[in-house]
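Please look over the sequence and the coordinates below before reading on. The text then leads through the structure step by step.

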Amino acid sequence: MKKEVGFENRDRFVELGLMISALRKAKGYTQYELAEKAHISRSHLSSIEAPNISSSFSLEVFFNIADILEVKPGDLLNLNLPSSYFNEDEKQKKLEDK
């Protein structure tokens with residue numbers, strides 16, 4: 001049974017989902033890869049990341065995703081990760097392309 005997200009928390013879940021999506025892409029994971037590592041279905045991850053859907057999920061899933069994306073759970077909630085997090089991955093990709 002899926003619990004509805006309360007109106008007062010809807011925007012928080014949407015923002016968290018967007019951050020997860022951005023970090024997943026920065027790490028080079030597909031939705032399928034991240035979902036598999038987090039032990040959830042790809043469709044569940046898709047609903048978490050979708051900007052037009054507020055989907056609740058368990059703390060266990062939240063912690064798994066944070067660990068896989070190599071961020072502290074608190075930082076993921078703050079939604080203020082430094083741009084260097086994203087830039088390091090870009091630097092690595094450029095080095096690999098050379």
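The model is a predicted one. Its protein chain has six helices and zero strands, so that, as defined by DSSP runs, the elements read α-α-α-α-α-α from the N terminus on. The chain holds 98 residues, and buried residues make up 35% of them. Among the contacts with a separation of 6 or more, 63% are between residues 24 or more positions apart.

The packing of one helix pair comes next. Two packed helices are described by the angle between their axes and the distance between the axes. For helix α2, residues 31-38, and helix α3, residues 42-49, the axes come within 8 Å and cross at roughly 110°. Angles of 65 to 115 degrees count as roughly perpendicular, and α2 and α3 are therefore roughly perpendicular to each other. On the α2 side the contact involves Gln31, Tyr32, Leu34 and Ala35, and these meet Arg42, Leu45, Ser46 and Glu49 of α3. Sorted by class, this contact of α2 with α3 comprises four nonpolar, two polar and two charged residues.

Which residues of α2 are buried? They are Gln31, Leu34, Ala35 and Ala38. These residues cover an arc of only 100° around the axis, and therefore lie on the same side of α2. Gln31, Leu34 and Ala35 were also named above in the contact with α3.

The chain then passes into the loop between α2 and α3, where His39 has its place. Just after α2, His39 takes a positive phi of about 65°, although His39 is not a glycine. His39 is exposed, because its relative accessible area is 69% and the cut-off for exposed is over 50%. Ser41 lies in this loop between α2 and α3 as well. With a relative accessible area of 38%, Ser41 is partly exposed. The C-alpha atom of Ser41 is separated by 9.2 Å from that of Gln31, which is 10 residues away along the chain.

Helix α4 can be read in a similar way. Its buried residues are Val61, Phe62, Ile65, Ala66 and Ile68. They span an arc of only 165° around the axis, so they sit on the same side of α4. The face of α4 turned away from this buried side carries the exposed residues Leu59, Glu60 and Asp67.

After α4 there is another residue with a positive phi. Glu70 is found in the loop between α4 (59-68) and α5 (73-78). Just after α4, Glu70 takes a positive phi of about 60°, and Glu70 is not a glycine. Where does its accessibility place Glu70, buried or exposed? The relative accessible area of Glu70 is 58%, so Glu70 is exposed.

The aromatic rings come last. Ring centres within 6.5 Å of each other make a pair, and by this rule the count comes to two aromatic pairs. In one of them, the rings of Phe13 and Phe57 have their centres 6.1 Å apart and their planes at 80°, so the pair is edge-to-face. This pair links distant parts of the chain: Phe13 belongs to helix α1 (residues 7-27), whereas Phe57 is in the loop between α3 and α4, and the two are 44 residues apart. Phe13 is partly exposed, with a relative accessible area of 21%. Phe57 counts as buried because its relative accessibility is 15%, given that buried means under 20%.

Phe62 and Phe63 form an aromatic pair with a centre-to-centre distance of 5.7 Å and 55° between the planes, which is a tilted arrangement. Phe62 counts as buried at 5% relative accessibility, and was listed among the buried residues of α4. Phe63 counts as partly exposed, at 38% relative accessibility.

Conventions
Residues numbered from 1 in each chain as written. Predicted model: local features only at pLDDT ≥ 70, side-chain atom pairs only at ≥ 80, totals over all residues. Heavy atoms only, no water. Axes fitted to C-alpha atoms, helices over the stretch in contact; angles between N-to-C directions. Helix = DSSP H or I, 4+ residues; strand = E, 2+ residues; numbered from the N terminus. Parallel < 35°, antiparallel > 145°, perpendicular 65-115°, else oblique. Contact = heavy atoms within 4.5 Å. Nonpolar A, V, L, I, M, F, W, Y, C, P; charged D, E, K, R; others polar. Buried < 20%, exposed > 50% of the residue type's maximum accessible area, 1.4 Å probe, protein only. Arc of directions from axis to C-beta. Phe/Tyr/Trp six-rings, centres within 6.5 Å; stacked < 30°, edge-to-face > 60°.
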